[in-house]
Amino acid sequence: MTVTASARRKARHYAMQALYQWQMAGASLNAIEAEFHTDNDMSKTDVAYFRELLHGVAKNLDDVEGTYAQYLDRSVEELDPVSRALLRMSTYELKSRIDVPYKVVINESVALAKKFGPTDAFKFINGILDKVAAKERSVEVKADKG
């Protein structure tokens with residue numbers, strides 16, 4: 001399958017929901033992943049990317065949370081569950097997937113926050129991810145601002 005922008009978008013959508021479920025229910029990642037494959041039509045989803053985001057966040061959780069937590073005005077535990085899932089996923093992408101432009105990561109996360117997050121969470125997410133990108137992708141961000 002050729003990876004399209006919409007297939008990646010769906011992968012992020014499902015990964016955010018799966019991470020939300022993982023942090024709320026504490027079920028195993030493999031069980032959650034299997035459930036998503038059973039309950040959703042994954043034919044137009046970048047399944048490999050979905051899997052990487054889900055397992056990559058969990059495997060690197062301390063590093064991921066340590067990266068964005070320094071920019072929070074509250075503790076990680078005080079974040080609403082949607083914002084927490086989005087920050088985990090997007091920070092992982094910014095750190096681990098340098099093949100994906102930082103603006104894409106941020107824009108996709110903001111779109112998901114607008115759809116699923118509490119009112120104005122997208123502004124908060126955008127601000128935090130801008131800071132993470134400036135540190136983790138400094139060369140790319142500087143080149144972009146030119």
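Me: What should I know about the model before reading the values?
Reply: The model is predicted, with local features needing pLDDT of at least 70 and side-chain atom pairs counting only at pLDDT 80 or more, while totals for chains, interfaces and linings use all residues. Residues are numbered from 1 along each chain as its sequence is written, and side-chain values use heavy atoms, with hydrogens and water left out.

Me: Why are H1 and H6 called oblique to each other?
Reply: The axes of helix H1 (residues 5-25) and helix H6 (residues 102-116) come within 11 Å and cross at roughly 55 degrees, where helices (H or I, at least four residues) are DSSP runs numbered from the N terminus and axes are lines fitted to C-alpha atoms over the stretch in contact, with angles running from 0 to 180 degrees between N-to-C directions. Angles under 35 degrees count as roughly parallel, over 145 as roughly antiparallel, 65 to 115 as roughly perpendicular and the rest as oblique, and H1 and H6 are therefore oblique.

Me: Which residues make the contact of H1 with H6, and how do they divide by class?
Reply: On the H1 side Arg-9, Arg-12, His-13, Met-16 and Gln-17 meet Val-104, Glu-108, Leu-112, Lys-115 and Phe-116 of H6, contact meaning heavy atoms within 4.5 Å. By class there are four nonpolar, two polar and four charged residues, where Ala, Val, Leu, Ile, Met, Phe, Trp, Tyr, Cys and Pro count as nonpolar, Asp, Glu, Lys and Arg as charged, and the others, Gly among them, as polar.

Me: What makes Phe-116 partly exposed?
Reply: Phe-116, which lies in helix H6, has a relative accessible area of 30% and is therefore partly exposed, given that buried means under 20%, exposed over 50% and partly exposed in between (1.4 Å probe, protein chains only). Not counting residues up to four places away in sequence, Phe-116 touches His-13, Met-16, Gln-17 and Val-82; the C-alpha atoms of Phe-116 and Val-82, 34 residues apart along the chain, are separated by 6.9 Å.

Me: Are H1 and H5 parallel or oblique to each other, and how do you know?
Reply: H1 and H5 pack at an angle of about 125 degrees, with their axes 9 Å apart, and on the angle ranges already given they are therefore oblique to each other. The residues that meet include Leu-19, Tyr-20 and Trp-22 in H1 and Ala-85, Leu-86 and Met-89 in H5. The contact of H1 with H5 divides into eleven nonpolar residues, one polar and four charged.

Me: Why is H5 called roughly parallel to H7?
Reply: The axes of helix H5 (residues 81-96) and helix H7 (residues 121-136) come within 10 Å and cross at roughly 25 degrees, and that makes H5 roughly parallel to H7. Among the residues making the contact are Leu-87, Thr-91 and Leu-94 of H5 and Phe-124, Leu-129 and Val-132 of H7. By class, this contact of H5 with H7 has ten nonpolar, three polar and two charged residues.

Me: How do you know whether Thr-91 is buried or exposed?
Reply: Thr-91 lies in helix H5 and has a relative accessible area of 0%, so it is buried. Leaving aside its neighbours within four places in sequence, Thr-91 is in contact with Val-64, Thr-67, Tyr-68, Leu-129 and Val-132. The side chain of Thr-91 also reaches the backbone oxygen of Leu-87 at 2.7 Å.

Me: Why does Glu-65 count as buried, and what joins its side chain to that of Arg-88?
Reply: Glu-65 is found in helix H4 (residues 61-69), and it counts as buried because its relative accessibility is 13%. A polar contact of 2.6 Å joins the side chains of Glu-65 and Arg-88, the term standing for a pair of N or O atoms within 3.5 Å; within protein, one must be able to donate a hydrogen and the other to accept it, and residues adjacent in sequence count only if both atoms are side-chain atoms. Leaving aside neighbours within four places in sequence, Glu-65 is in contact with Val-76, Arg-84 and Arg-88.

Me: What is the phi of Asp-120, and why is this residue called partly exposed?
Reply: Phi of Asp-120 is near 65 degrees, a positive value in a residue other than glycine. Most residues other than glycine have a negative phi. Asp-120 lies in the loop between H6 and H7, and at 40% relative accessibility it counts as partly exposed.

Methods
Helix = DSSP H or I, 4+ residues; strand = E, 2+ residues; numbered from the N terminus.
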